[in-house]
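Colleague: Before I build on this model, I want to know what stands behind each label. Can we go through them one at a time?

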Amino acid sequence: MNSKNSNYYAILMAGGVGSRFWPVSTQDFPKQFHDMLGTGDTLIQKTFNRLAQLIPEENIFILTNERYNDLVFEQLPNVTKRQVVLEPAMRNTAPCILYASLKIQKENEDAVMIVAPSDHWIEDEQAFSGNVKAAFDYCESNDALMTLGITPTFPNTGYGYIEYDKASTSEIKPVSQFREKPDYETAKSFINQGNFLWNAGIFMWSVKSVVAAFKNNQPQLFELFRSGYSAYNTELEDEFIKTHYTKAENISVDYALMEKSKNVYVIPATFDWNDLGTWGSLYDKLDKDENSNAVVNAKTLLEDANGNMIRSKKDKIVVIDGLKDYIVVDKEEVLLIFPKAKEQDIKKVLQNVKAKFGESYG
């Protein structure tokens with residue numbers, strides 16, 4: 001344990017609902033608490049273990065919604081109450097990151113930290129640790145807000161992009177600007193220019209730098225959370241957060257800080273990455289049979305079936321004949337059979353299901 005740097009901290013973001021993974025991911029049991037890939041570990045367990053290769057386990061904080069408190073302790077039995085930071089309301093990423101940063105600052109003013117989503121798939125964990133370590137080294141001696149960018153493999157219109165200074169030859173590159181999710185032609189031009197990366201929502205900074213950035217760019221939000229500083233890490237904290245958190249603006253850390261700050265840098269990641277945002281992105285990550293079907297948990301008998309994403313409960317027998325490029329997900333009370341090409345509509349389908357059959361299905 002002691003070989004890890006005690007100034008290293010992590011904030012693991014685990015509050016999302018992941019509604020595009022319905023019917024497996026629901027409001028009561030979202031995707032980060034599921035073993036989506038059939039590996040034996042849930043996504044939050046995988047992410048925690050990945051971070052723990054570099055960061056002392058007791059310095060990994062889990063940021064999640066109040067309703068997932070029990071799930072966190074079930075799946076990460078070694079974490080303590082101190083490490084679980086609960087949001088009493090959904091307010092996007094800036095308020096909860098500021099709150100957790102102030103808690104960490106009060107505990108250790110020399111902290112450097114990573115903010116990482118709990119539901120991403122990263123293949124080469126050693127390369128990941130190497131990139132994070134390089135960022136930490138830089139952040140310890142420079143006032144910098146850093147992010148990890150992913151080298152684009154195709155003109156994806158579902159991600160935001162990071163444009164960095166083309167002239168930079170070092171591993172750590174100054175960011176010129178963040179770009180919104182583009183249309184297809186714009187995405188193509190980004191890739192052709194060669195100095196654009198996908199924004200993976202992974203951030204690194206010293207606690208001093210991030211708190212200063214909030215103070216400069218979001219004075220109102222900063223004052224709201226700074227007013228509870230004396231209560232943080234004491235038994236008075238819960239009461240303060242219950243009464244003040246809902247007053248926070250609903251704003252992402254990208255808008256609140258990264259797009260407004262001048263001291264932003266990016267490291268192009270050296271690892272394979274997948275944001276596991278949809279059934280299609282999960283399909284891309286899984287092993288396929290000779291007909292390009294990806295199967296999780298099910299025992300299958302497949303005829304004339306190609307390119308399907310099939311998931312059921314463990315060892316359920318699934319028989320499919322004459323189906324091509326479909327998502328087939330069987331869960332106790334819901335069976336989804338849906339074209340892969342329309343996967344972006346699953347969120348809409350979920351709303352319709354809730355409207356027709358009741359909230360308990362989502």
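**Labels and their cut-offs**

Modeller: Start with Asp304, found in the loop between strand 13 (299-303) and strand 14. Strands (E, at least two residues) and helices (H or I, at least four) are DSSP runs, numbered from the N terminus. This is a predicted model: local features need pLDDT of at least 70, side-chain atom pairs count only at pLDDT 80 or more, and totals for chains, interfaces and linings use all residues. Residues are numbered from 1 along each chain as its sequence is written, and side-chain values use heavy atoms, with hydrogens and water left out.

Colleague: Why is Asp304 called exposed?

Modeller: Its relative accessibility is 57%. Exposed means over 50%, buried under 20%, partly exposed in between (1.4 Å probe, protein chains only). So Asp304 counts as exposed.

Colleague: Which residues does the cis peptide bond join?

Modeller: Trp22 and Pro23, with omega at about 5°. Pro23 lies in the loop between strand 1 (8-13) and helix 1 (43-51).

Colleague: Why is strand 9 described as largely enclosed?

Modeller: Strand 9 (residues 196-206) has 11 residues, and 10 of them are buried. So the rest of the structure largely encloses strand 9.

Colleague: How do you know which strands pair with strand 9?

Modeller: Pairing needs at least two DSSP bridges between the strands. Strand 6 (residues 145-150) has 5 bridges to strand 9, antiparallel. Strand 4 (residues 112-117) has 4, also antiparallel. Strand 7 (residues 161-164) has 3, again antiparallel. Bridge partners include Gly149 with Asn199, Met113 with Trp205 and Tyr161 with Trp198.

Colleague: Pro155 is in the loop between strand 6 and strand 7. Buried or exposed?

Modeller: Buried: Pro155 has 17% relative accessibility, under the buried limit. Pro155 is 36 residues from Ile191 in sequence, yet their C-alpha atoms are 6.7 Å apart.

Colleague: What makes Asp110 and Lys208 a salt bridge?

Modeller: The term needs a side-chain nitrogen of Lys or Arg within 4 Å of a carboxyl oxygen of Asp or Glu. Here the closest N and O atoms are 3.4 Å apart. So the pair passes. Asp110 lies in the loop between helix 3 and strand 4, Lys208 in helix 6 (residues 207-217), so the bridge ties together parts 98 residues apart in sequence. Asp110 is partly exposed at 48%, and Lys208 is partly exposed at 48%. Side chains of opposite charge can pair when their charged atoms come close.

Colleague: How many salt bridges does a search of the whole structure find?

Modeller: The search finds 16. Among them, Lys316 and Asp330 have closest N and O atoms 2.6 Å apart. Lys316 is in the loop between strand 14 (309-311) and strand 15, and Asp330 is in strand 16 (residues 326-331), 14 residues away. Glu185 and Lys188 form another, at 3.6 Å. Both lie in helix 5 (residues 184-193), 3 residues apart, about one turn of the helix.

Colleague: What makes Leu301, Ile317 and Val319 a patch?

Modeller: Patch residues have over 30% relative accessible area and no salt bridge; nonpolar side chains (Val, Leu, Ile, Met, Phe, Trp, Tyr) are joined within 5 Å, like charges within 9 Å. Ile317, at 62%, is exposed. The three make a nonpolar patch of about 330 Å², with areas from the Shrake-Rupley method and a 1.4 Å probe, only the protein chains shown counting as cover for residues. Ile317 lies in strand 15 (residues 317-321).

Colleague: How much space lies in the second largest pocket?

Modeller: About 390 Å³. Of its 18 lining residues, the closest to the centre are Lys81, Val84, Tyr99, Glu237 and Asp238. A pocket is an open set of points on a 1 Å grid over the protein atoms alone, with protein on both sides within 12 Å along at least five of seven lines; a 1.4 Å probe is used, and lining residues have an atom within 4 Å of a point. Helix 8 supplies the largest share of the lining, 4 residues.

Technical notes
Grid points are joined across faces, edges and corners, and a volume is the space filled by probe spheres set on the points.
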